[in-house]
Amino acid sequence: MALEHLFQGSALNGVDAKGRVSVPAFLRSVIERRGDSRTIVLAKHETFPCLSAYDPAYAALKHSKIERLLEKNEQEDGAQLAYQQSNLLAFAVSEEVPYDSTGRILVPTMMRRKGGIADLALFLGVGETFQIWNPTTLLADDRIPEDLKDVCRYRLEERGLA
């Protein structure tokens, strides 16, 4: 199942003391083109110290990918355990959050902790999903390509924060 609309682009928004942040319009428009929901699923990213975010319809695609991986590796020792662990991480450590008419969401405390989100949120479109980073964390991560760090620095400069 291929997705017709992909997330792309970047933006930096402030997060208030209660955890409210505005999701950029270019991301919300993809969510709305993919389905009727005005809801975002937030999850701990599998690899990076950030949040992964997507529309509810993508969750079903994510589950299908995990099942296909089990089918591919089901003869290997530990395949069933890996499948269960993947499902736990994909779905138990996630939360659906609605956005209001202005595009604001309330990032739950647990998700803020899991993603290291503080007073700023860097939104990055990455195709099927988008990521939400603490810009300081992104800049300090040696695994992040320098070109992406430049995007982060540019977004900080736009807001007069660099």
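**View 1. Glu 146, with a relative accessible area of 44%, is partly exposed.** Residues are numbered from 1 along each chain as its sequence is written, and side-chain values use heavy atoms, with hydrogens and water left out. The model is predicted: local features need pLDDT of at least 70, side-chain atom pairs count only at pLDDT 80 or more, and totals for chains, interfaces and linings use all residues. Buried means under 20% relative accessible area, exposed over 50%, and partly exposed in between (1.4 Å probe, protein chains only). Glu 146 forms a salt bridge with Arg 153, at 2.9 Å from N to O; the term denotes a side-chain nitrogen of Lys or Arg within 4 Å of a carboxyl oxygen of Asp or Glu. Arg 153 is partly exposed, at 30% relative accessibility. A salt bridge of 2.7 Å, N to O, also joins Arg 153 to Asp 150. Asp 150 and Arg 153 are three residues apart in helix H6, so about one helical turn separates them. Asp 150 is partly exposed as well, at 37% relative accessibility. Through shared partners, the salt bridges join Glu 146, Asp 150 and Arg 153 into one network.

**View 2. A salt bridge joins Arg 34 and Asp 55.** Their closest N and O atoms are 2.4 Å apart. Arg 34 belongs to helix H1 (residues 25-34), whereas Asp 55 lies in the loop between E4 and helix H2 (56-73), so the pair ties together parts 21 residues apart in sequence. Helices (H or I, at least four residues) and strands (E, at least two) are DSSP runs, numbered from the N terminus. Arg 34 is buried, with a relative accessible area of 15%, and Asp 55 is buried, with a value of 3%. The whole structure holds eight salt bridges.

**View 3. Six strands form an open sheet with antiparallel pairing.** The order of the strands is E1-E7-E8-E4-E3-E5. Strands E1 (10-14) and E5 (94-98) are the edge strands, each pairing on one side only. From one strand to the next, the twist averages 25°; axes are lines fitted to C-alpha atoms, for helices over the stretch in contact, and angles run from 0 to 180 degrees between N-to-C directions. Two strands pair if DSSP finds at least two bridges between them. Strands of a sheet pair through backbone hydrogen bonds, either parallel or antiparallel.

**View 4. Strand E1 and strand E7 (residues 120-125) pair in the antiparallel sense.** Five bridges connect E1 and E7. Among them, Gly 14 has Leu 120 in E7 as its bridge partner. Helix H6 (residues 146-158) packs on the sheet and touches E1 and E7, where contact means heavy atoms within 4.5 Å. The direction of helix H6 makes about 45° with that of E1.

**View 5. The rings of Phe 48 and Trp 133 form a tilted pair.** Rings of Phe, Tyr and Trp (its six-membered ring) pair if their centres lie within 6.5 Å; planes under 30 degrees apart count as stacked, over 60 as edge-to-face and the rest as tilted. By this rule the count is four aromatic pairs. The centres of the Phe 48 and Trp 133 rings lie 5.7 Å apart, with the planes at 45°. Phe 48 lies in the loop between strand E3 (39-44) and strand E4 (51-54), and Trp 133 in strand E8 (residues 130-133), so the pair ties together parts 85 residues apart in sequence. Trp 133 is buried, at a relative accessible area of 0%.

**View 6. Phe 123 and Phe 130 form a tilted aromatic pair.** The separation is 6.3 Å centre to centre, with 40° between the planes. Phe 123 and Phe 130 are both buried. Ring pairs link Phe 7, Phe 123 and Phe 130 into a cluster.
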